[in-house]
Amino acid sequence: MLLSITLATYNVELYLRESLDSIVNQTLPEFELICLDDASSDGTVEILQEYAQRDSRIRLILKKKNEGLAVARNTCLTEAKGKYITFLDGDDFYDPTLFQKAVALAEKDAADLVMWDYVTFWNKADVEALRIKRSDLNAVDPTDKKALLKRPSFIWIKLVRVEKWRQLNIHFPPGYTRQDIPVHWHLITALDKVSLLPERLSFYRQQADATTAKKDGKLFHLVHIMDIVEKYLRENSLYNTYRETFLEQRLNFFAGMYDNIKPELKGEALQLIQDRMSPEIWKFLKSKNNLRLHTRYFFAALLGSFVARAQLALWHLSRTIYRKLKT
């Protein structure tokens, strides 16, 4: 078997047919599609069963108990029979040439990992105009691990050699959202050969009620996920090599998490941040670094700077105006 495509689903009946159609109609015919449903309560399972009856490449795993995306993906990894694997979500859709191009590149380069680009959209009518935009991957050196670590961590823009994945014993951490992040760090830092496909071939649907759009306590997971990344780096003697890249990402996540979380949770968010503000981090903040302006303002304001507070307020106002103009 050349390719294992895994599709995790949970209450995505509104978008599932479009997602499945974009997979079963791929120009690469040789694959298995492992569909794992995490105890959906809508019509998702019935749609999966309908497609499985029509296409022998589809295998269904229907769970009775919801255990989260990480457990679903780990289960799919165990079940995969392909040479390569990719992990997709049931509310997105994909270019019909995606897997033909990704597998061909992996075979040509003997790559352990292939990464491609994507489109983020709210309105499907915008996809065609967005997909033809030049890919940022054109400017990325595939041998520059620090540059690759700064790319979005999404697992659904990656094709991985299964043998390597299993040798590294990589698993998605259960119980967290953003579980792609530690997997991304592990793959990039541990794999020897990465190839890039600079085309926008995945189409990432934005939904107001999606887990990643919520402003509740799940945003705290950004803090705990980066704890997992730090533990991995230190245990594998990689921390000094990737220290600046790691601290930049951690601090940007801190500021973003605090900015987006509900007002009644900001006190708890601030405590989580302060618990992790070591002398090393304060020193890093004073050094030349590539932190976002918003992050710089946030931490300067945290230290009591009135100027930074004004800058932060102006930044928020500018962002609000920009978002209103975009809608």
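## Before you start

The model is predicted, so keep in mind that local features need pLDDT of at least 70 and side-chain atom pairs count only at pLDDT 80 or more, while totals for chains, interfaces and linings use all residues. Residues are numbered from 1 along each chain as its sequence is written, and side-chain values use heavy atoms, with hydrogens and water left out.

Helices (H or I, at least four residues) and strands (E, at least two) are DSSP runs, numbered from the N terminus.

Two strands count as paired if DSSP finds at least two bridges between them.

Now turn to strand 6 (residues 113–121), which pairs with strand 8 (residues 194–205) in the parallel sense over nine bridges. Two places to look along this pairing are Leu113, which stands opposite Val194 in strand 8, and Thr120, which stands opposite Tyr204 in strand 8. Strand 6 is also joined to strand 7 (residues 158–161) by three bridges, and these two run antiparallel. There, Leu113 has Val160 of strand 7 as its bridge partner. Eight of the nine residues of strand 6 are buried, so strand 6 is largely enclosed by the rest of the structure. Buried here means under 20% relative accessible area, exposed means over 50%, and partly exposed is in between (1.4 Å probe, protein chains only).

## Salt bridges

A salt bridge is a side-chain nitrogen of Lys or Arg within 4 Å of a carboxyl oxygen of Asp or Glu. By this rule the model has 26 salt bridges. One of them joins Glu79 and Arg59, with the closest N and O atoms 3.2 Å apart. Glu79 belongs to helix 3 (residues 69–79) and Arg59 to strand 3, so this pair ties together parts that are 20 residues apart in sequence. Glu79 is partly exposed at 33% relative accessibility, and Arg59 is partly exposed as well, at 24%.

Another salt bridge links Arg243 with Glu280, the closest N and O atoms being 2.8 Å apart. Because Arg243 lies in helix 10 (residues 239–260) and Glu280 in helix 12 (residues 279–286), the pair ties together parts that are 37 residues apart in sequence. Arg243 is partly exposed, with a relative accessible area of 23%, and Glu280 is partly exposed at 26%. Salt bridges that share partners also join Asp227, Glu230, Arg234, Arg250 and Arg276 into one network.

Lys108 and Asp109 form a salt bridge too, their closest N and O atoms being 2.9 Å apart. Lys108 is exposed, with a relative accessible area of 63%, whereas Asp109 is partly exposed at 22%.

Ser22 sits in helix 1 (residues 13–24) and is buried, at 10% relative accessibility. Leaving aside residues up to four places away in sequence, Ser22 touches Phe93 and Tyr94, where contact means heavy atoms within 4.5 Å. A polar atom of the Ser22 side chain lies 3.2 Å from the backbone nitrogen of Tyr94. A polar contact is a pair of N or O atoms within 3.5 Å; within protein, one must be able to donate a hydrogen and the other to accept it, and residues adjacent in sequence count only if both atoms are side-chain atoms.

Arg166 is found in helix 7 (residues 162–168) and is partly exposed, with a relative accessible area of 41%. Not counting residues up to four places away in sequence, Arg166 touches Leu77, Thr78 and Ala80. The backbone oxygen of Leu77 is 2.7 Å from a polar atom of the Arg166 side chain.

## A nonpolar patch

On the surface, Leu314, Leu317 and Ile321 form a nonpolar patch with about 290 Å² of accessible area together. Patches are made of residues with over 30% relative accessible area and no salt bridge; like charges are joined within 9 Å, and nonpolar side chains (Val, Leu, Ile, Met, Phe, Trp, Tyr) within 5 Å. Accessible areas come from the Shrake-Rupley method with a 1.4 Å probe, and for residues only the protein chains shown count as cover. Leu317 lies in helix 14 (residues 306–326) and is partly exposed, with a relative accessible area of 48%.
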